[in-house]
Amino acid sequence: MAVLEEIKIGNGRIIKGDCLSVMDNFPDNHFMLGFTSPPYLNAINYEEHIEKLHGAKARWEREDISYEEYRLFLENRFKALLRITKPGGHNVVNIAPVLWNGTRTALPFHFVSWLEDIGWQFKEDIIWEKPVARDRRSGVLLQHPYPGYYYPSLVAEYIFVFQKPADKKSQNNIYWNRSNEEKIKNEIDLKDYQGEKSKNVWKIRPLSPQENLHPCPFPLELAERVIQFYSYKGGLVIDIFAGSGQTNCAAEKLGRAHVGIETQQKYIDYAVEQYHQILNGET
């Protein structure tokens, strides 16, 4: 196996590299939960974003890649994740349609069939509703109040839950072999459950650009909910597109072991900073 370049943070680590090759180093049936938000087609050019952060570019440009190339990129990586996920374990993915040059690509809806084709079982669809201010897109109808001019504000993304099927139906879950003591240790606080958490529309404030170095981070609260609902303490959680390490930080707070995989050193360094701030209660 290859020697991995990694940084240890708390009860986990962040590994530098392409997740496809990094996952080759893990055995079959190793992780309890994967949670990630993959690159959205050509929405972000991460290499140029890093150059901008270093002052080498005034601005970054979106990178144009073919949809077929993008599909294969994701299929190969989520197929590798399937191998290293425990039977009954989950793969939870945050993803949204992509808007470019006036056209919206229905990426999430295509993505579900891609993952089903490689062996993942679709389980749940959750909508992440992001409270945001009025934007110019919805204002088109104010300028032209006629049929055909309706463009709603984009305030939602999707959280899709997939599962790796177990050989036995009775084991197609993550609690079949848990003792009562272990269940009690992992009991979820339900005092605010009957409100928004019990539904498949989660209202969570997104991070502003000033709150995180990464161009498209999901909030820590989102990662915490997923990890709490779909893993047990001591279980191993992985984020194959770790970005600024939100999954790592949430997993550490909730007593899970964790692995993040990221290609960009700048994001890894920032993730380590974030980890220390969050765990020290500074954010």
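Let's start with Lys197 and Asp192. Their side chains meet in a salt bridge, 3.6 Å from N to O. Keep in mind that this is a predicted model. Asp192 is partly exposed, because its relative accessibility is 39%.

Next, Glu196. Which residue does Glu196 pair with? Arg225. The closest N and O atoms of that salt bridge are 2.8 Å apart. Now look at where the two partners sit. Glu196 is in the loop between α6 (180-185) and β9 (201-203). Arg225 is in helix α7, residues 220-230.

Are the two partners buried or exposed? Glu196 is partly exposed, at 24% relative accessibility. Arg225 is buried, with a relative accessible area of 5%.

Stay on Arg225. Arg225 also forms a salt bridge with Glu221, and here the closest N and O atoms are 3.1 Å apart. Glu221 is partly exposed, with 37% relative accessible area.

Now move to another part of the chain. Glu68, Arg71 and Glu75 are linked in a network of salt bridges.

And the total? By this rule, the model has 12 salt bridges. The ones I walked through include Lys197 with Asp192, Glu196 with Arg225, and Arg225 with Glu221.

Technical notes. Residues are numbered from 1 along each chain as its sequence is written. This is a predicted model: local features need pLDDT of at least 70, side-chain atom pairs count only at pLDDT 80 or more; totals for chains, interfaces and linings use all residues. Side-chain values use heavy atoms; hydrogens and water are left out. A salt bridge is a side-chain nitrogen of Lys or Arg within 4 Å of a carboxyl oxygen of Asp or Glu. Buried means under 20% relative accessible area, exposed over 50%, partly exposed in between (1.4 Å probe, protein chains only). Helices (H or I, at least four residues) and strands (E, at least two) are DSSP runs, numbered from the N terminus.
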